[in-house]
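Have the sequence and the 3D view open as you read.

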Amino acid sequence: MNRTSGQENTGTWWRETTVYQIYPRSFMDSNGDGIGDIKGIISKLDYIKDTGFETIWVSPFFASPQRDFGYDISDYLQTAAEYGTEKDVEDLISEVHSRGMYIIFDMVLNHTSDRHPWFLESRSSLDNPKRGWYVWKDGKKADGQKPPNNWRSQVSGSGWHWDEKTQQWYWAAFLPFQPDLNYRNPEVRAEIFKMLEFWLNKGVDGFRLDIIGSIFEDENFRDSPFILKLFPDELNDGMFFRSTCMTQNLPESENFVKDLRKLLDRFDSPERFMVGETFGTSEVISRFCKDGGLHSAFAFECTAVPFNAPAFRRMITEYERCFPFPLLPVWAFSNHDRSRRFSALGRDRLKAKLNTAFQLTIRGLPFFYFGEEIGMSDAILNHHDSLDPVSFPFKKLPRPLFNLADRKVFGALNRDKERTPMQWNDRANAGFTTGDALPWLPVSPDYQLVNVENEAKNPDSLYNCFKRFLDFRKGSPALRRGSLRIMDEKTLPHGILGYIREDIDSGQQLIILLNFKNSEVIIPATAMLLQTGTEVLLSTETEHPAAPEAAGEITLSAFEAIILG
Ligand code: NOJ
């Protein structure tokens, strides 16, 4: 099946791309209602292209009561009125393609909104034909008033919710108003596959699949075993003393993505791509990518790794072990659910540049969250006013306690702070909306300093560092598709991470050196086996001398990264 956009077939484009995530509500408001929209995104496509990103991922814009800001879909085929029309979405796809870029949609297949007509029907009676479209179960005890088992949702408490009318419980892996679809029912699969086909036929280049590891639960509804762990972490084997093994990453879910892959593989010119939102160790997650499954999957382990050379070396080694070629790991440090990377790095611009250089030179698929390129931080908001439904049960906590709990769950307790509007300039509302309405979330007060206009003007800014690395990567076969060899730490001074990227076809070989120390480090020539004529091709600093020093040494300044070739 070919797309008619005029874009040439670039084969496995997705292996080499860079992805920019747009949270539509917060990106750009074109009609002055305080809520970002599709036309707003279209108006900023030139900015995204000019910055150097090649693919955009758009968080859900489908019809929704917006109780979880679009991750609660009530019609997969309609566009939410506040974001625009079907025509706007078609325009977005073709405007992206006409710039030689790609677009992926965010598909929430695990659950719908409880206001989706399917669920309204399903809950209307025990014998409604759609009853089996969701996961319903009798409760325990004679009166059924106790949940069927001890399964917990991903956000806290039991994931079972009582339906008074039909006297049964329904399962929701996330929030109570997001009932899980029942993929053991072939009708559900058929309907969902039809819906995906609808969008693929419209030319979308792929999907980001929301909590795809939660698609299936244990068929026999066995209790989750006890685990000695209170707080969640990025390894995600459990929390609050319950393992997740009955509700996440089941073999059925791994098989399900293979069926999705078969659907996507029916489309080409170009190939369509899927990346899964998965939770667990890299080892567990990589299973979803093997034997014709996902093209790639998020492994959020990286967000929890200390910012130093040995820890990063261990992390890459582990990712390479779990995602050997032709598998491809995703490198994402920020998104709409967790603290912004810039905040996690202590709002340190040098560290942020180093992190950027890492993401754009290591083997894998780099994903960035809007605003990351200009150093947007988590906004400081009062959680009593939060709009994020995840925070609602905790709203009454005093601020210090709330903040502590939020930190324990990587900033996911009140996700408003990482969703504040894009900071375009230093004018009213940071240029996000030009109407009278207030932005749906307050603009972060640092917008007068931290904004696109300011960052673009300053040659030494984080934004211009992003641009230089994106631009270099675009023209570098070694970075786009080359192999990776991690340099032996014994050959490098302490605090330095080094690796070699090589593309055999073009013969390009690059050495990447990253200084994780907050001080200058001299790297002796012997460490790098430099060939004559090797030069510093790019640095996170604007001032780095091109040629190595007299003795062939290279001096890296604090948190500097360089590419040699
Ligand atoms: C993960 C999404 O990234 C998050 O924003 C959403 O709230 C949940 N899944 C539920 O869909």
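Helices and strands here are DSSP runs, at least four residues (H or I) for a helix and at least two (E) for a strand, and they are numbered from the N terminus. Keep in mind that this is a predicted model.

With those labels in hand, go to the loop between strand S10 (238-239) and strand S11 (242-243), where you'll find Phe240.

Ser269 and Pro270 are joined by a cis peptide bond, with omega at about -5 degrees. Pro270 belongs to the loop that links helix H7 (251-265) and strand S12 (273-276). Further along, Phe325 and Pro326 are also joined by a cis peptide bond, this one with omega at about 10 degrees. Look for Pro326 in the loop between helix H9 (309-322) and strand S14 (330-332).

Now for a sheet. Three strands make up an open sheet in the order S6-S8-S7, and their pairing is antiparallel. Strands S6 (136-137) and S7 (160-163) are at the edges with a single partner strand each, so one side of each has no neighbour in the sheet. S6 and strand S8 (residues 168-171) run antiparallel and are joined by two bridges. Across that pairing, Lys137 sits opposite Trp169 in S8.

Around the ligand are 13 residues, and the closest are Asp68, Asp210, His336, Asp337 and Arg415. What kinds of residues make up this shell? Seven are charged, three are polar and three are nonpolar.

The side chain of Asp210 has an N or O atom 2.7 Å from a ligand oxygen. His336 puts a polar side-chain atom 2.7 Å from an oxygen atom of the ligand. For His111, the distance between a side-chain N or O atom and a ligand oxygen is 3.0 Å. How much of the ligand's accessible area does the protein cover? On its own the ligand has 300 Å² of accessible area, and the protein covers 99% of that.

Key: Residues numbered from 1 in each chain as written. Predicted model: local features only at pLDDT ≥ 70, side-chain atom pairs only at ≥ 80, totals over all residues. Heavy atoms only, no water. Near = heavy atom within 4 Å. Polar contact = N/O pair within 3.5 Å; in protein donor to acceptor, adjacent residues only side chain to side chain. Areas by Shrake-Rupley, 256 points an atom, 1.4 Å probe, with all protein chains shown as cover. Nonpolar A, V, L, I, M, F, W, Y, C, P; charged D, E, K, R; others polar. Pairing = 2+ DSSP bridges.
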